[in-house]
Amino acid sequence: MKKITILLTIGLVGLHAELLTLGSCIDKALQTHPDVRAFMLKVKEQHEGVKVQKGAWRPQVSAYAEYDPQRTYVIPQNGQFHTIDDNGWTAGISVTQKIFDFSKTSHTIESSKIKHEISALSFEEAKALMRYRIRIAYAQLLVQKASLTAREKDLDAKKALYEQAKALVEQGLKTRADESRFLSAVRQAEDALAMARAAYKKAKISLELYIGEPIAESTTFEEGLLSEKTVPAIVTDEKRVLENNLQLQIAKKSEDASHELYKSKLAEHYGSLDIVAEAKHFDELSRYDTTLLGIRYAVPIYSGGRLSAQAQQAKISTMVADEEKESKRRAILEEVKALQADLEEVKKRIEARRSQTVSAEETKVLIEARYEEGLSTYMEVLDAEAVWLDAKLGLLDAFYTRLDRLYRLEYLNAK
């Protein structure tokens, strides 16, 4: 009966210990995070902006009406003018159709289309950035969880040493100094453990806010991610990164949009040719209708320098966009090279820390055994414990650094 109860308990614990994968965190954040949803709405906003610009090529129809309850009418009669006060109203409808404007509207529409493409790329960039942020938050959680486990083991070891020292003091084999020093070490380990718990809680809260839902204490994670050794070659290829980088693509599109807007401003100097049609009904002392159908060409003669200034402003915007694109290219190239150097350095650091951890673990076990036999001092034991903990935490930090650099390269590569 006891065996059945134990098995049922283990089964229930296994059911509640849900695995929260990195992929599921990314999916949840991309679906719910406001930063991503805002960029999705901006894509729709720019899509409507294209419709606004295309509307300039469609007929512009407007209706109007006016009623005047009191109006003075002037009537010439026999060389004299007579006035009559009466009411009156007019109503009409007008239609304007653009025929030709020297491609001003076409360039404006093309600029709006490019801005829509920019918004779509910005949406992809927002998703790529969110994936990077989730990956870093997930890695930080793994590091803090592993660090918390290491601190717990360190505290357990020091408590055991303290109890051992007390027993040896009672037997007259150790002094009170041993007991006091180990008690002090226990208190220090408890303080460090409290700080580790707080750091883990902060990392957990950060991930919860990204995915938009609480994470149960029984949740398990993909802890193997920390020790992954593979670094995809594609993310370290500088040429491929520059080709795939979304920020560079956005900068190039921004330059194209500014250039189209510049051509539109130049064409505005030549005016536009329109078909105009109008029908009006008057009821003012007498009733009558008027109609109008014709072609109108309007060209700006003088605008106070506004059109020239706007064209020059658009030209400068194009030049600025080109310089920003080159600046972005150099910044990304610099970051890629720096990340490559960091990955090479951290690879060596991981190998060194891994060897140091194994050696420190063996030394710690040997020193503790020698202390029990009275062949080592408590200072040697504590030093061995400190070296082991430093190596363990250093290895975790190196793992996190590698993940951070790798995830950053994948983000720059739009992965």
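**Helix packing and aromatic pairs**

Phe 282 counts as buried, because its relative accessibility is 14% (buried means under 20% relative accessible area, exposed over 50% and partly exposed in between, with a 1.4 Å probe and protein chains only). The structure is a predicted model, in which local features need pLDDT of at least 70, side-chain atom pairs count only at pLDDT 80 or more, and totals for chains, interfaces and linings use all residues. Residues are numbered from 1 along each chain as its sequence is written, and side-chain values use heavy atoms, with hydrogens and water left out.

We can begin with the rings. The structure holds five aromatic pairs (rings of Phe, Tyr and Trp, the last by its six-membered ring, pair if their centres lie within 6.5 Å; planes under 30 degrees apart count as stacked, over 60 as edge-to-face and the rest as tilted). One of them joins Phe 102 and Tyr 270, a tilted pair with 5.4 Å from centre to centre and 50° between the planes. Phe 102 sits in the loop between strand 3 (80-100) and helix 4, and Tyr 270 in the loop between helix 7 (246-267) and strand 5 (272-284), so that the pair links distant parts of the chain, 168 residues apart (helices, H or I of at least four residues, and strands, E of at least two, are DSSP runs numbered from the N terminus). Phe 102 is partly exposed at 34% relative accessible area, and Tyr 270 is partly exposed at 46%. In the pair of Phe 282 and Tyr 288, the ring centres are 4.7 Å apart and the planes lie at 15°, so this pair is stacked. Tyr 288 is partly exposed, with a relative accessible area of 37%. Ring pairs also link Phe 100, Phe 102 and Tyr 270 into a cluster.

Now for the helices. The axes of helix 3 (residues 34-54) and helix 4 (residues 104-170) come within 9 Å and cross at roughly 170° (axes are lines fitted to C-alpha atoms, for helices over the stretch in contact, and angles run from 0 to 180 degrees between N-to-C directions). Helix 3 is therefore roughly antiparallel to helix 4 (angles under 35 degrees count as roughly parallel, over 145 as roughly antiparallel, 65 to 115 as roughly perpendicular and the rest as oblique). For helix 4 and helix 8 (residues 306-372), the axes come within 11 Å and cross at roughly 15°, so these two helices are roughly parallel to each other. In their contact (heavy atoms within 4.5 Å), Leu 161, Gln 164, Ala 165 and Leu 168 of helix 4 meet Glu 368, Tyr 371 and Glu 372 of helix 8.
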